[in-house]
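Hi,

Here is the structure I promised to pass on.

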Amino acid sequence: MQNNFLSFVKKESLHILRDSRTMLIVMLIPVVLMVLFGFAISTEVNNIKVAVVAPNRTDAIRKAVTQLAQNDYFSFYGYISNDQVDKKLRSGEVNAVVLFVPDYERRMVDVGSGVSGSPVIQLILDASNVNTAGAASGYLQSILWGPVSQQTLFETRMLFNPQMKSAFNFVPGIMGLIFILVCAMMTSVSIVREKEMGTMEVLLVSPVRPFKIIMAKMIPYFAISCIVLLLILFLAHYLLGVPMSGGVWGILSLSMLYLVLSLSLGLLVSTIAQTQVAALLISAMVMMMPILMLSGMLFPIENLPKFFQVVSTLIPARWYIDAVRKMMIQGVPIAEVWSNCAILFGMTVLLLGVSFKKFNDKLE
Amino acid sequence: MNDVVISVRELTKRFGDFIAVNRISFDVPRGEIFGFLGANGAGKTTAMRMLCGLSYPSAGSGTVAGYDIRCESERIKRCIGYMSQRFSLYNDLTVRENMLLFAGIYGLSRREALAGSERMLGKLDFVSEGDTLVGSLPLGWKQKLSFAIATLHSPEVVFLDEPTGGVDPVTRRQFWEMIYEAASQGTTIFVTTHYMDEAEYCSRVSVMVDGEIRALDTPARLKQQYAANSMDEVFRILARGAKRGE
């Protein structure tokens, strides 16, 4: 009976290859997402327009302003007077204003010697976009602190991602999302399509075991997903410069486990959905939303309300994204994330078991 | 040659309180074209699904090709062919690929499969269309192809579930010629149909009403018994008392 299994795998591969539009989409989605998140959408803040109010333009102030103007994140708008501040911020001509007190240099000496603790620089920011304002304030403080005082009270070092590139953070998230999309959606739709077309019935009347039907369906989708996986890793490393310091093999093997998990999710969906549209909706809405919101892809899990933190532990993508992030960026070897691997493995076994059982029950 | 291929005793299928098939019994000898008639909802398809091993009987017993439908459905699946009322080949595969796929599914070796599909293409006069995608064929051709594929592995019994729905009269005629040819070679044909003129082509006909078999005989004797001119009339007389609607 070897022949019938191979002819099945071949048939499934033909289905996929003949449907060139879907193939194209599957290959394009990861590329588009990577480029989008890598370059266009980022949580980094660029091109902040800064104006300066300085009644006496002393050397120290000039030095600070020069440093600010040279920084990539800022563009220096110019010196403005005190009464223009509100107007310029309101009109959006500037995003931030730095105000130096008139007797800046004398006061700085006091601050340095501990005589006075009152502020010498005021930052006024347009906080209508909270993220931009927060980031800008942080950048401004770190830039202005240097020339302002010789004394450094804190030394901050950003480990693993010193330039704080947001693309690094997104790549694992995209991987967590894309494989669920490709594997779960494509397998569930392809199984449900056979139900809809009536071909599933013909297959079930044939001597092929349901187990083989399913396995034969999963193999080509697994192969495609592996290609997508390599594509993503290639783009991440060579286009976005993600370090992958934890070892490519570790990332690959963990990702393959995640692929199998996504495939079994797709199988589960196919046993629930009766139509292709339903399968699509379930995969897209029921699976994508929690991944976007609760997996730590966009929002840190630590910031979620307690209830959602508990819910998030049920989402496979959370464990996968966390582990990949550690391996890719922190350079941790796979052995260090063994608990994530174990959880994912457990989930895979459970999902496969449940979906096979449900698939068989369907046959009465 | 006159051995029994399908034998059913008191076969019943319940879905909760609803009795879809109520204690039906019949025998079908080898090489017969057995017509299985009934209005929509009379239980034809359910009965047929039980014979094919797609559905487990609630009560009663039966054998197909000598195997028990309760516990040997995997063996039964090897020696039956099945064609459903919905067209069920793969539209995105070519004629030849479909044939090879199903030949493979039924465990034919690569060589047997290739030889069998070429022979079948020749018989259907389809050689020039061998590499055409099935989706682009006209419906009548698709139905003929479905039948050819259902008989590719020379099964003992072929189950046809309303095979000629939506097909033009000329193609239906050709289709029945294929059925006759298969039957003459010893394949038993079990066919459900809506078309009463097709019922006349069958060796024997059973009429199901409300999950029970109300009549079972040759078309000629049924017409005589009910003093009718056509099977259509026979069917109407029998179905008059039906409680289940369309």
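Where the two chains meet, 23 residues of chain B are in contact with 20 residues of chain A (contact: C-beta atoms, placed from the backbone, within 7 Å). On the chain B side, helix H2 (73–78) and helix H3 (95–105) are the elements that give two or more residues, and H3(B) has the largest share, with 5 residues. Helices here are DSSP runs of H or I with at least four residues, strands are E runs of at least two, and both are numbered from the N terminus.

Before you read on: this is a predicted model, with local features needing pLDDT of at least 70 and side-chain atom pairs counting only at pLDDT 80 or more, while totals for chains, interfaces and linings use all residues. Residues are numbered from 1 along each chain as its sequence is written, with chains lettered from A and ligands numbered from 1 in the order in which they are written.

Now the cores. The largest nonpolar core has 138 residues, and A:Ile178, A:Ile180, A:Val182, B:Phe159 and B:Phe190 have the most contacts inside it. A core here is a set of buried Ala, Val, Leu, Ile, Met, Phe, Trp, Tyr and Cys residues joined through C-beta atoms within 7 Å; buried takes 20 or more other C-beta atoms within 10 Å of a residue's own, exposed 12 or fewer, partly exposed in between, again with C-beta placed from the backbone. Helix H7 (residues 166–197) of chain A brings the largest share of this core, 18 residues. Leaving out residues up to four places away in sequence, A:Val182 touches A:Val26, A:Ile224, A:Ser225 and A:Val228. There is also a second, separate core of 20 residues, including A:Ala51 and A:Val94.

Chain A splits into domain 1 (2–41 + 165–361) and domain 2 (48–148), with bounds from an automatic or database domain assignment. Their C-alpha centres are 48 Å apart.

Back in chain B, 4 strands make an open antiparallel sheet, ordered S2-S1-S4-S5 (strands pair if DSSP finds at least two bridges between them). Its edges are S2 (18–29) and S5 (67–68), each pairing on one side only. S1 (residues 4–15) and S4 (residues 59–64) of chain B share 5 bridges, and B:Val8 has B:Gly62 as its bridge partner in S4(B).

Cheers
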